[in-house]
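Subject: Model for your review

Hello,

Here is the structure we talked about. My notes follow below it.

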Amino acid sequence: MELSEHIKTANVEDVTLRRPFHPALRGTLCVTSHHLLFSDRKDEASWQLLILLKNIDAIEKSVENLFGYPRAVGSSGTITIKCKDLLVLQLEIPGMEECLNIASSIEALSSLESVTEMYPFFYRPSHLTLNGPWGLSSTEQYYKQTERLWDRWRVSTLNSDYSVCPSYPSAVIMPREVDDDKLIRSARFRQGGRFPVLSYCHHRNGMVIMRSSQPLTGANKKRCKEDELLLQAVIDGSELGYIIDLRSAQQAQQARMTGGGFESKSFYSHWKRIHRHHERGKVVQESLIKLVEACSDPSHSVDRWLSKLENSKWLSHVHSALSTAGLVVECVERDGHSVLVHGSEGTDNTLLVSSLAQLILDPASRTVTGFLCLLEREWIQAGHPFQQRCAHSAYSHARLKQECPIFLLLLDCVWQVWRQFPLALEFSEALLLRLAQEVYASNYGTFLCNSEQERCAAGVKENTHCLFQSLLRPDIEEQYLNPLYEPTDLAIWPSVHPQSLQLWTGLFLRWTEYAQNMEEAREEVWSIVKEHHEQAGPDRTNNTLSTHCDTLTPFENLMDELTIL
Amino acid sequence: MEHIRTPKVEQVKLLDRFSNKSVTGTLHLTATHLIFVESNSTSAQEIWILHHHIASVEKLSLTTSGCPLLIQCRNFRLVHFVIPRERDCHDIYSSLLRLLRPVSYDELYAFSYNPKQNDQQREEGWQLIDLAAEFERMGVPCDQWQLTDVNREYKVCKTYPRDVYVPITASKPIIVGSSKFRSKGRFPVLTYFYQEKKAAVCRCSQPLSGFSARCLEDEHMLQAISKANHNSRYIYVMDTRPKLNALANRAAGKGYENEDNYSNIRFQFVGIENIHVMRGSLQKLLEGVGTRSLSMTDYLVGLENSGWLRHIKAIMDAAIFLAKAVTVEGASVLVHCSDGWDRTAQVCALGSLLMDPYYRTIKGFMVLIEKDWISFGHKFADRCDQLDPDPKEVSPIFTQFLECVWQLTEQFPQAFEFSEWFLIQIHEHVHSCQFGNFLGNSQRQREDLQLKERTYSLWAHLLSENQNYLNPLFSPSFAESHPVLEPSTQAYHFKFWRNMYNQYDRSMHPRQSILKHVLTLQESNRELEGTVQALKTKLQKFGVNTSPLKPQTPPRECSLPPRPQSLILGAPLLSRKEVQQEEDEEVFGEEAREDAPASTGGERTVEGSSATENSYGELMGSFGSKNEPGVVTLEFGVARMTC
């Protein structure tokens, strides 16, 4: 069926649009295969609102009509549109039939299942060509750039046809001394074939962060020699490695009943296992739903707000993610040991923890390019099932299937780190907000599908544009820069006291009046920094840097940052 | 001096409140301070605690390592010492008990504190704030309001200042009559005049109305206030108490205005709780956020159960109501609570701050505190437990006011000339008893104590280092476009003020600061501009035309702005020498190496950020031992698990 067949009424005049903190507007509403377009009727400088239908999470309709008088004068309907980026809009549409038609078109077109029907496959802006490079980096490139790996590690292409592990990319980095046959056996011993692969090698001591899925030990404690050898090769003679299991000890025990399990001490004698409980799947999705609900009700008393905030548990997830990432960093940086991170499938919390740890450890991942590369390697290529996880956001009434805002949780954690180290990241909150939006609905193909294999099959790289490439175009990138950026080579350990973590107002209160004053303050910071650059000239920025370093005092820790930028 | 039995104890351990870290050092007890000096020579940090800041000292039960001494301070510092010998601990304990309970005003630090200023400088300090000039700034006296000398000798009301402003039509007999009908004689007087609409904010205490009593003079007084404003036919009477409290007061012969007896008043309860509720609430809050290994859930539940933010919102709501009534309706408002020195002060001061951009500047904020808090007799001595403690009188009323202002600075980052460090510094000194401003309970008492002759003024001290308290984002044009602040009172705007209540828990604070960084940039901008100007003049002197001057011209050393030692938390630069020392030590002590990351390769952390401080988990090196389910204490949040 053609997409256009879903559209029964394409155009309605005299529609009233209501948005938070803006006066109501009257204009024309159009539905196309992928967009909802509203434009007001003023002749000069007409204003338009273009919403990707995929961005629409839920719609609610109410029609008022005198019964028995179809198309009577004054019959009208209201559609409330709740977007995945948390914006809520209201459209008053004259004519009941039109209203119902529009609503049903939106419902049908916003929940397309087929990847190739999605907008990225139709998005053809004049300034981009499809022949350009797609993506920023690949396993091979990362390996080439990372000289410290060359000695002991190699790139294995055993997964080039995605048969060993369907959710892994075609190439992975493995210890030199383990051959591909062993890897295949290890893959059979891990859920979904996700055998331990290298995710990061620390630039200071060569210690690595590996990630995998759970071993399939099962109830009768199976073992896999090759898996054991593989992990032994990872630590290579050093006496100790840590396995951070993202489940509680009890959960890990229970997983054995369903064929999963954990690395037993007796078979992995040089690895020390630490359990950290992390919520996953539905629980996290429900947290998001509860949190957004709490944020969108302005009538709450302070007590009720705090209780709802607590009840949503969202901040608890942020807390545990950052703490576990901190623990991984502590193992690698302070104790000088390698770490293997896994939960069950190794596609969600595992990626969250390993990428946060890298952000804390690795100065290279704190630049715009570095951060996007990190996301590309650790989320897109590593097989986070974006399509399943981000099918719906906080408003949808659809029955939850595989939805889980783990990626949003990552962005929130990064924001928390940025709040505590406002000078250490090259990118600003704006980039995080943009990503939070793109991951749910996008013109670009970057977040489509669930794995490299699926993307290959759908021809994503050939037929869509790459978000990361376009974010890095100089004129675009500028919007996402942090004016205060001063690179530091050190690990940035965030504080994880509950008092140090905050609600990400920039995202969750994005559509409230709160944003405006912050925006002005942000501009003020920009102008001060710009003035500084102009006055000081390019070669002088170094001086301020050293000035700044000279005067850093512990009392600076007492300084709060305003909630700006 | 005679109270100090053991002036020095060695080998004392100082335990960190939130981790297992501890440092060893020497404890000194002086007449004014308790000082802890870390013995590690390379990073000797010092902690100086003023006796007046100590709220309580507690001796905990003996442990194997010694005798623990827990000291809680009014500036929310909490220190936990372990003293090796029980006898030393007891000596320190009993000396402190005596020292932190001064029996007379003369024992307060303010009377011995000497910042090496001469008498003239001291006098100038006291003259900085002039309330008569402030009323003049508001446009008072005017055709409707006048200064009255009725309280010149403190005869009518002992807790009011000498100079009070009343409507022209309020004669002396009316004032005196009204004062007899008001609790503690606190009759209605002017505190803020909104010139644009000629509307007045007045304050008083509750009427002694009981169930039916009335007083014609008092009714005339309110009439006079109403008549002084031609913009509005009525005045609002705001009773800032919950209705139930006001009703209960009637049984004691007090109460609230009966609308039938007063013509043209609109009566309104606001519902701010009393000092006892507030004291309990803060107690709960501090217990919550002082817990070790606090989980997110416990933190939020604790925050909610304390009710603290609810009370803050109640005060804010009242102030917004006041500001709206005055600026939008142009009506005059009379504010009172029971005695009119706690909630009334909060609401009047905060309301004025919302209406008048002047109070959002550094100088203006001092004036505001001087006017609504100090001169109108907020009982600082009782509320802050300065002397002769009555635990039932202590209450964080002023702290709440400061917090309300902080909440506003968070909503309006450009509206205030000062940053939160100004507020925190004021809070520090309200309790330090180092300056004369906040001593005593009323102006009259301060005069009796001859504070202006015998002590120094905090305001002069703060102004002398005001560059430490500037808000770099302050924009005077914002004040022009927003003369009246209209804060949102959505629940999510009320946040926990970590930098106040956990101000000494360094591991909680952000490791880098936007505010400070921007201040540095701004200052260096100014510096550079100055240099450019200077060079221009110089060149002109030599007859060189300079118009397209390149910014690179100034020599390098000029472009490095001399930074104040400790920009923030007002390290007193000149005067408070000993505290300066403390902060210097902290500055160059423990974490100085980390402060200049480029120069050292040793510590791989940023600005005081270290794993040990955070304690993500204690990784035990118990590997290799054969007991397989090794117990690993994972101390992170509340997570304690075994594997």
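Helices (H or I, at least four residues) and strands (E, at least two) are DSSP runs, numbered from the N terminus. With that in hand, K198(B) sits in the loop between β10 (189-194) and β11 (199-204) of chain B.

This is a predicted model, in which local features need pLDDT of at least 70, side-chain atom pairs count only at pLDDT 80 or more, and totals for chains, interfaces and linings use all residues; side-chain values use heavy atoms, with hydrogens and water left out. Residues are numbered from 1 along each chain as its sequence is written, while chains are lettered from A and ligands numbered from 1 in the order in which they are written.

Chain B, backbone

K198(B) is not a glycine, yet its phi is positive, near 55°. The residue is partly exposed, at 40% relative accessible area (buried means under 20%, exposed over 50%, partly exposed in between; 1.4 Å probe, protein chains only). F76(B), also not a glycine, has a positive phi near 70°. F76(B) belongs to the loop between β6 (67-73) and β7 (78-83) of chain B and is buried, at 9% relative accessibility. The peptide bond between V140(B) and P141(B) is cis, with omega about 0°; P141(B) lies in the loop between α3 (131-138) and β8 (145-148) of chain B.

Chain A, overall

Chain A has 21 helices and 14 strands. Its radius of gyration is 25 Å, close to the 24 Å from the globule rule for 565 residues, so chain A is as compact as a globular protein of that length (the radius is taken over C-alpha atoms, and the rule is 2.2 Å times the number of residues to the power 0.38). Of the 565 residues, 64% count as buried. The C-alpha atoms fill a box of roughly 85 × 60 × 55 Å along the principal axes.

Chain A is divided into domain 1 (3-112) and domain 2 (139-517), with bounds from an automatic or database domain assignment. The contact between them takes 15 residues from domain 1 and 19 residues from domain 2, where contact means heavy atoms within 4.5 Å. The domain centres, taken over C-alpha atoms, are separated by 38 Å.

Chain A, local points

In helix α4 (residues 225-235) of chain A, the buried residues include L230(A), L231(A) and V234(A). D236(A) follows α4(A) and has a positive phi, near 45°. L490(A), in the loop between α17 (474-477) and α18 (505-508) of chain A, is buried at 5% relative accessible area.

Regards
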